[in-house]
Amino acid sequence: MSQMMDKTTENSDEDRVSIKSNGRTASNGKTPSIGGMKDTLGKSFRNSMRRVKEMSPLSSGGKGSKVTTGNDSGLQPPPSPSLSAGSPVMSPLRNIGGLFHKKEEDENDVSSQKGKGLTRSKTDPNMGLTDALIKRGGNIRRSLTFRKKKDNTCKQPASVEEMKEDKEEEEEVVVWEEMEESYTLPEIPHTPLSVMQINKLIEMEVLEESHLNLLALRKEFQQEQERCSEDSPMELAKKEKDLNLLYGEMRNKFNTIVRDSNSLPSRNKGLLVHVARIIQEEERRAEEPGGLQGSWMEAWREAVGEGVQVKVEGVHLDRREQNTSWLAVHLGLLGKAIVEDLENVKKELRWSYPPSFKVFSTYVRSYHKVTGQHLKKLEPQVTELKDLHALLDWIINRYKSERIMGNLSLQPDMKDESAELQLEDDLLKKLKDKYCCKVKEELRCSLERIIELENEEVWSERKTPEKEDEFLNSDLHMDVWTKVKGYVVNSRLIDAQLEQKVISSCLQELNEFPKRFEAEFRRHCSELRPQPLWTEYHITYINSFTALQQHMEEYRDACPDEVDRFDKEAKWLIIRLIQVLEDHFKEDVKPYLRRMMTRKWLTIDEDFEQLYSRTELLSHHCALMSSPHAQEFASRLHYHVVREYVGQLMKSNYSCKNRKHEKAGNKICGQWGRLRDLFEDMNSTHEWLHDVGDNLGDIIRQKSKTDIKNHLQPLVEHYPDFSRKHLVAVLYFRGLMRGREHQLILQRLTELKKNLGSVGGDNSRVLFGDMQVTVNTDCLSNLPFSCLSFLLPDN
């Protein structure tokens with residue numbers, strides 16, 4: 001700074017004021033008061049700067065004000081050249097204010113004025129600056145107007161077509177032209193203004209003049225650095241510090257202008273032209289000493305990002321307590337603000353920059369980044385499923401749709417731009433996981449509520465289940481399926497990946513549902529046993545969980561493992577419910593089956609009628625059970641009744657005497673026919689059991705012992721597991737326990753089984769194989785007839 005004071009000027013009384021980091025100080029290092037600073041600058045500079053501030057259209061209070069000359073007539077001054085002698089006024093649409101120019105244009109005009117530069121008046125050191133700034137204001141004001149296509153001097157049209165053409169010509173059309181990439185730097189002053197003056201120009205946003213003086217000051221610094229001796233390192237360091245402080249002030253001013261450019265486009269449109277050219281010049285001089293560290297272009301991008309951040313954070317956001325749709329409303333407003341802002345960039349701001357700045361692209365990328373950061377800040381507040389859905393849908397679909405980045409008003413500038421948000425970390429994955437956890441949580445509550453409603457509306461009220469398509473039915477499976485379907489459909493609207501994750505989450509939660517339901521059902525309905533209502537409830541839930549299994553099958557392609565696990569849990573519940581019914585039936589008919597093939601059975605039909613009535617009742621219930629469980633259940637009961645009924649013959653509890661075997665055989669055939677018809681009506685799959693009663697009854701009711709061996713073949717063919725010990729038990733019931741015919745019958749069985757073994761039979765149908773014979777009479781039957789002849793009554 002002291003070196004600047006050493007320079008000889010035509011006004012030796014002018015002081016240069018240095019700006020230090022802790023304030024502005026005089027060149028002697030002392031810190032004067034504000035009044036002292038003004039005294040130092042001098043009255044002439046104060047007056048001239050005040051006039052500049054009042055007249056400049058770029059100052060905050062000078063918008064629209066008139067620029068006058070020395071008199072107060074109010075007339076606008078004639079067009080004046082740029083402050084820099086080499087800067088003639090260009091088209092406002094190419095270079096607003098005519099501050100920078102192509103090197104190819106007006107070379108003669110430039111050369112004619114070259115060398116004049118910025119000089120100081122001998123009477124007032126600041127009059128050159130003041131007059132130039134007044135002229136500059138006029139230039140800038142005129143340059144900020146739109147170019148209009150209008151011709152008021154045309155003659156009267158002679159035809160309708162000419163009238164139409166003339167009318168179209170008279171319509172005002174705004175024509176935007178892109179700034180030229182290249183420019184000519186105005187002449188740098190030979191002697192720069194003082195540090196305080198330059199800083200004042202920066203504050204007043206007279207950017208071009210302040211930058212030219214900064215370059216002059218920087219040139220002085222470079223020259224002094226080149227010839228610097230070790231005698232004045234302090235002075236050089238001081239000047240370097242002044243440069244850094246001024247450049248810092250200028251960059252801060254740039255940041256403010258760029259940041260607010262989209263909020264105040266009419267005010268900052270002209271300033272952005274200077275900003276762009278100065279950034280270009282500073283980028284070109286980046287390697288030269290005396291400049292500011294860091295890329296000016298990068299600083300510009302950061303300022304754009306700051307402006308975008310101000311826009312995004314300024315979007316209205318309600319608290320959750322105020323509005324249940326707080327997030328959806330905010331995202332809607334945010335999307336609208338983004339579109340409006342980018343429309344403004346496309347229509348106005350980008351014309352203030354050269355093409356290399358790629359203004360629209362920079363704003364788009366800034367919105368990608370800033371919006372992603374904004375959503376990350378919102379994420380902790382988003383806890384409800386509907387809000388998570390709104391946020392994910394906005395990120396994945398709406399942001400890049402025609403509503404925002406794909407908006408028609410932004411085309412075709414968006415064709416080469418990415419429409420994807422720039423999300424930090426793994427925010428999207430975190431939101432999807434959070435969404436799925438919330439789905440599981442809500443589904444768990446819904447399933448618990450479904451069980452509670454079943455208890456409140458059905459079990460506690462002893463309500464009879466309703467029928468649907470002739471089957472007992474509950475709304476339970478529809479309630480569950482509808483809930484799961486809703487989650488899946490909503491997630492499908494976002495994307496397929498989330499849909500699959502939601503399906504998996506729902507099925508995982510459903511895995512526990514059958515066990516929880518069964519526990520509650522048993523707890524609330526145990527006192528109903530053995531009422532018919534208890535049986536109907538079991539059949540109802542067998543049907544319901546069967547239907548629920550079928551509903552979940554539609555998700556097998558997406559999540560086969562999860563479907564298999566749920567199917568297994570539901571299947572086990574159905575099996576347990578069926579087993580409970582089966583065990584109850586078996587326990588119910590057990591005493592009646594135990595009294596079959598006894599003396600009482602032969603004379604009284606009471607036990608069989610009880611067996612038949614209970615089986616018939618269960619048949620009616622099976623008709624209310626959906627397939628395939630009804631048929632499977634009927635088949636299992638069919639096998640049990642046949643096995644227990646025939647099994648009574650194997651216990652040898654009774655032997656028919658005095659020709660009672662004919663009555664017994666006929667009774668077996670008659671009862672068997674009724675049971676067979678009943679199980680046929682129940683659609684039992686065990687048709688192979690239908691013949692066993694008739695085959696055995698036919699053997700028992702034969703009048704002649706000799707004829708018995710002729711009726712063995714059908715029984716052996718139908719039931720290959722019928723053995724010798726079973727035949728001995730049947731003969732015992734018939735009253736034939738010994739004798740030659742007894743032995744011949746057994747021999748015939750052996751022959752038939754031997755022949756059948758060579759031909760082959762159906763060994764999968766096992767009835768007698770595991771049927772125990774409690775009384776074994778084989779000890780005498782196996783002896784040869786000659787050995788037993790002495791035991792006969794005649795001997």
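Analyst: The secondary structure of the protein consists of 31 helices and four strands; helices (H or I, at least four residues) and strands (E, at least two) are DSSP runs, numbered from the N terminus. This is a predicted model, in which local features need pLDDT of at least 70 and side-chain atom pairs count only at pLDDT 80 or more, while totals for chains, interfaces and linings use all residues. Residues are numbered from 1 along each chain as its sequence is written, and side-chain values use heavy atoms, with hydrogens and water left out.

Of the 795 residues in the protein, 49% are buried. Here buried means under 20% relative accessible area, exposed over 50%, and partly exposed in between (1.4 Å probe, protein chains only). The accessible surface of the protein comes to about 39400 Å², and 48% of that surface belongs to carbon and sulfur atoms; accessible areas come from the Shrake-Rupley method with a 1.4 Å probe, and for residues only the protein chains shown count as cover. A contact means heavy atoms within 4.5 Å. Among contacts between residues at least 6 apart in sequence, 79% join residues at least 24 apart.

Turning to the salt bridges, the structure holds 53 of them, each defined as a side-chain nitrogen of Lys or Arg within 4 Å of a carboxyl oxygen of Asp or Glu.

One of these joins the side chains of Lys-377 and Glu-313, at 3.6 Å from N to O. This pair links distant parts of the chain, since Lys-377 lies in helix H13 (residues 359-378) and Glu-313 in helix H11 (residues 296-313), 64 residues apart. Lys-377 is exposed, with a relative accessible area of 52%, whereas Glu-313 is partly exposed at 47% relative accessibility.

A further salt bridge is formed by Lys-346 and Asp-413, whose closest N and O atoms are 3.3 Å apart. This pair also links distant parts of the chain: Lys-346 belongs to helix H12 (residues 326-347), and Asp-413 to the loop between helix H14 (385-398) and helix H15 (427-459), 67 residues apart. Lys-346 counts as buried, at 15% relative accessibility.

Glu-569 and Lys-515 likewise form a salt bridge, with 3.9 Å between the closest N and O atoms. Distant parts of the chain are linked here, Glu-569 being in helix H20 (residues 560-594) and Lys-515 in helix H18 (residues 513-525), 54 residues apart. Lys-515 is partly exposed, at 46% relative accessibility.

Finally, salt bridges link Glu-281, Arg-284, Arg-285 and Glu-288 in a network.
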